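Trainee: I have the sequence and the model open on my screen. Could we go through a few questions about the fold and the chain contact together?

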Amino acid sequence: MNEIELKNVSFAYPGDETNPPVRALDNVSLEIEKGSFTAILGHNGSGKSTLARIMCMLDTPEYGSVIIDGRDMTADGITEKDVLDARRKVGMVFQNPDNQIVATIVEEDVAFGCENLGIPSAEIRRRVDEALETVGMTKYARHAPHKLSGGQKQRVAIAGVIAMRRECIIFDESTAMLDPMGRREVLETIDKLNEEGITVVLITHYMEEATRADRVYVLNDGRVLTSGTPSDVFSDPETLWNASLDVPQTTELLYKLRQRGLDVPLDVFDPEKCAKVIRDALKKKKTADGA
Amino acid sequence: MAVVELRGVNYIYNKNTPYEVHALKDIDLSVNEGEITGIIGHTGSGKSTMVQLINGILKPTSGQVFVDGSDIWKEPKKIREVRFKAGVVMQYPEYQLFAETVFDDIAFGPKNMGLDEDEIKERVTAAAAFANVPQELMMRSPFDLSGGQKRRVALAGVIAMDPKVLILDEPAAGLDPGGRADILGGLKKYQREKGTSIIIVSHSMEDMANWCDRILVLADGKIILDGTPDKVFSRFNDLIGLGLDVPQITRVAAALSRRGIDLGDVYTVGYAADKISELF
């Protein structure tokens, strides 16, 4: 069962007197399975954020269909209420932690979305406590958000989305502005949410982050350049390099060694495992050369 | 010669209040001419305070700051001149563009320096070339550009002041790998051709390893590590303990060393591949 499915979606931003229209997505099809972890990679301007906006139904495609939880949102007869219902299934966390906090107390900020949905206050209280617990921010419930670190602010933003009970959360480069510790905190939170059954879509420039996904889509100039498991996608570094993307450093090292004649696989992303395959390959080569 | 020097510098925020924070503690530092120096450190380690001290935005609580050989607080009225010598490119500078055209935006600094029209034009053209801003964009509105282009316009604006030292806070944040290489490669080229010293503050250990001549690690207001990238990243456990990171490739080298294959200090993929290739 798919949470989100896009079929042949195209989208263009309208132009004006001085600028021609910009085609942001060109015939994109993808499937986000329920409960899965999908990573979307692509250089700046490749269409990633447009794709995210379409998946949240903040924008409507020019051509193609957007199917949320089995219902085609672009079909005839879809009412505004249907769209609203579908929107309540998909949440989004943005890049800049400072642009998505609205309240002056952490728990009020987490409650903001729920209040707008008209949820009874006892229920909101329960959801907020639970959401703060999930992201590990219970201790900071009564704090002022502006004094938190970037990673903590992002976790507050995530809590706000969880409290609204979204089935699917799209993270649009939500780790890009954080320091290494903040990134780690947010990624651990994302992993935890995914384990609890929430569908995760992670848009990122960090190749290492994409290695944890079930499935990776690579966008280039508004099209899907390649997709598959992280192993499939990163085993072809040249395609990614040509799209001005990168591969994890482990893959780059193994690729270079393979070119020089060492028999190693390319799809090893953990430094420990990478060291192990190199040692084994060196041993094997020595035995073969000795024989 | 040292282009920037800090002697016994302390900085205390909200001194003599309950909110007192001792952000920098007895810092002695010389930044050498023509080098790219990287500063890394956890959020709150004192990196931004240090940048603001060098630029004369903050005045040290005690100690002295020298830029291009002179004590910047000797004549406090002239502090504005320091900002032309030590040019700072803030984080996400694309949000600070404001002029009607790209040309005017880049020309803003040189105009404030009181240069004449011809000199301004020359500076803008040269700065745009270093920052990879194409000439055909000059008459466009900066708001019509892509994020990467805007970032390069902001960088050109500071380069146009021809500073002695160029200080950048996370110059490549949020850019894709191609964009990162464009910006950082452009800086390297600028440093090589003009001999300008560059200070980069960043969390990206991979970028720091690839582009810096020297790396300083700040923690809790002190410089705790200072050296070439290979020396600094060899202190693997210290860095991790500080909530920092090391390049992934350095982790691979450490894991190989535990398995009896010692490559020495490794921080770039090319070097690691060469060292391993020697073994077969």
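This is a predicted model: local features need pLDDT of at least 70, side-chain atom pairs count only at pLDDT 80 or more; totals for chains, interfaces and linings use all residues.

Trainee: What is the strand order of the open sheet of 4 strands in chain A?

Mentor: The sheet is open, and its strands pair in the antiparallel sense. Its edge strands are β2(A), residues 22–33, and β5(A), residues 71–72, each of which pairs on one side only. Reading across the sheet, the order is β2-β1-β4-β5.

Trainee: Which residue in β5(A) is the bridge partner of Ile67(A)?

Mentor: Begin with β4(A), which covers residues 63–68. This strand and β5(A) are joined by 2 bridges in the antiparallel sense. In β5(A), the partner of Ile67(A) is Asp72(A).

Trainee: At about what angle to β1(A) does helix α1(A) run?

Mentor: Helix α1(A) spans residues 48–55 and lies across β1(A), β2(A) and β4(A). Relative to β1(A), residues 2–13, the helix runs at about 125 degrees.

Trainee: Moving to chain B, does Gln191(B) count as buried or exposed?

Mentor: You will find Gln191(B) in helix α6(B), residues 177–194. Beyond its sequence neighbours up to four places away, Gln191(B) touches Gly34(B), Glu35(B), Ile36(B), Thr196(B), Ile198(B) and Asp213(B). Its relative accessibility is 8%, and the cut-off for buried is under 20%. Gln191(B) therefore counts as buried.

Trainee: What area is buried between chain B and chain A?

Mentor: The contact involves 35 residues of chain B and 39 residues of chain A. Carbon and sulfur atoms give 60% of the buried area. On the chain B side, Gln248(B), Arg259(B) and Phe280(B) lose the most area to chain A, together 21% of what that side buries. The area buried between the two chains is about 3200 Å².

Trainee: Which residue of chain A forms a salt bridge with Arg259(B)?

Mentor: There are 3 salt bridges between chain B and chain A. In the one involving Arg259(B), the closest N and O atoms are 3.1 Å apart. The partner of Arg259(B) is Glu272(A).

Trainee: Which element supplies the largest share of the side of chain B that touches chain A?

Mentor: Between the chains, 13 residue pairs are in polar contact, with both residues at pLDDT 80 or more. Helices α6(B), α7(B), α10(B) and α11(B) each supply at least two residues of the side that touches chain A. The largest share, 7 residues, comes from α10(B).

Key: Residues are numbered from 1 along each chain as its sequence is written. Chains are lettered from A and ligands numbered from 1 in the order in which they are written. Side-chain values use heavy atoms; hydrogens and water are left out. Two strands pair if DSSP finds at least two bridges between them. Contact means heavy atoms within 4.5 Å. Axes are lines fitted to C-alpha atoms, for helices over the stretch in contact, and angles run from 0 to 180 degrees between N-to-C directions. Buried means under 20% relative accessible area, exposed over 50%, partly exposed in between (1.4 Å probe, protein chains only). Buried area is the accessible area (1.4 Å probe) that two parts lose on being put together, summed over both. A salt bridge is a side-chain nitrogen of Lys or Arg within 4 Å of a carboxyl oxygen of Asp or Glu. A polar contact is a pair of N or O atoms within 3.5 Å; within protein, one must be able to donate a hydrogen and the other to accept it, and residues adjacent in sequence count only if both atoms are side-chain atoms.
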